[in-house]
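Good morning, and thank you for coming. I would like to present one structure and go through its contacts step by step. Please have a look at it first.

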Amino acid sequence: MAKSMDDKVVMTREGYEKLKSELVSLRTDGRSEIAAKLEEARAFGDLSENAEYHTAKEEQEKIENRILQLEYQLSKAKIVETEDIDTSIVSLGTTVTIEDLDKKQTLVYTLVGTEEADIKESKISAASPVGKALMGKHVEEETMARTPRGIRHLKVVKIQLK
């Protein structure tokens, strides 16, 4: 998680709202579905040898753990508001166009908090190797990122808000 000295979980407003929505959904629909599965499994009789019951209990535990995780993150959230973002440097909440100097390709990423990262949406964590390498950089500045696939040479082309 992206944490600072005061133990805050840093995230964008969009990320905060997404987590809040997931929490509400798990508390209502998620718990209701599990309760129904448990009730149905109890109807099968002997719980000690009831695979459906044990599966439902495991699902219930996963949901409750996720609820606790979301509650913690939301309680510690430090939201980066769009109007507070400085687009002269790469920072959390900025969308950065970069050039991979080795592969000669242009990529566009939005830097977000760890919980918000979703590569399919081109959202990378500011705590990821590429995110860390880009943070604090200016347009035209070059950097290197140590990734699992090796060192990448990157150049910041453009910094903007979504």
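Predicted model: local features only at pLDDT ≥ 70, side-chain atom pairs only at ≥ 80, totals over all residues.

How many salt bridges does the structure hold? The structure holds twelve salt bridges, a salt bridge being a side-chain nitrogen of Lys or Arg within 4 Å of a carboxyl oxygen of Asp or Glu. Residues are numbered from 1 along each chain as its sequence is written, and side-chain values use heavy atoms, with hydrogens and water left out.

Let me begin with one of these salt bridges, in which the side chains of Lys 37 and Glu 59 meet at 2.9 Å, N to O. Lys 37 belongs to helix α1 (residues 13–42) and Glu 59 to helix α2 (residues 51–75), so the pair ties together parts that are 22 residues apart in sequence. Helices (H or I, at least four residues) and strands (E, at least two) are DSSP runs, numbered from the N terminus. Lys 37 is partly exposed, at a relative accessible area of 38%, and Glu 59 is also partly exposed, at 29%. For these words, buried means under 20% relative accessible area, exposed over 50%, and partly exposed in between, with a 1.4 Å probe and protein chains only.

A second salt bridge joins the side chains of Glu 39 and Arg 42 at 3.7 Å, N to O. Both residues lie in helix α1, three residues apart, about one turn of the helix. Arg 42 is partly exposed, with a relative accessible area of 39%.

Lys 123 and Glu 121 also form a salt bridge, at 3.3 Å, N to O. Here Lys 123 is buried, with a relative accessible area of 8%, whereas Glu 121 is partly exposed, with 42%. Elsewhere, salt bridges that share partners join Arg 13, Glu 17 and Glu 81 into one network.

How do the two helices lie against each other? The axes of α1 and α2 come within 9 Å and cross at roughly 160 degrees; axes are lines fitted to C-alpha atoms, for helices over the stretch in contact, and angles run from 0 to 180 degrees between N-to-C directions. That makes α1 roughly antiparallel to α2, a term for angles over 145 degrees. The residues of this contact divide into 13 nonpolar, three polar and twelve charged. Ala, Val, Leu, Ile, Met, Phe, Trp, Tyr, Cys and Pro count as nonpolar, Asp, Glu, Lys and Arg as charged, and the others, Gly among them, as polar. In the loop between α1 and α2 lies Ala 43, which counts as exposed at 65% relative accessibility.

I turn now to the strands. Strand β1 (residues 9–12) points Val 9 and Met 11 one way and Val 10 and Thr 12 the other way, and all are buried. Four bridges join β1 to strand β2 (residues 77–80), and the two run parallel; two strands pair if DSSP finds at least two bridges between them.

With strand β4 (residues 105–112), β3 pairs in the antiparallel sense over six bridges. Six bridges also join β3 to strand β7 (residues 150–160), again antiparallel, and Glu 99 stands opposite Lys 155 in β7.

How values were computed:
Parallel < 35°, antiparallel > 145°, perpendicular 65-115°, else oblique.
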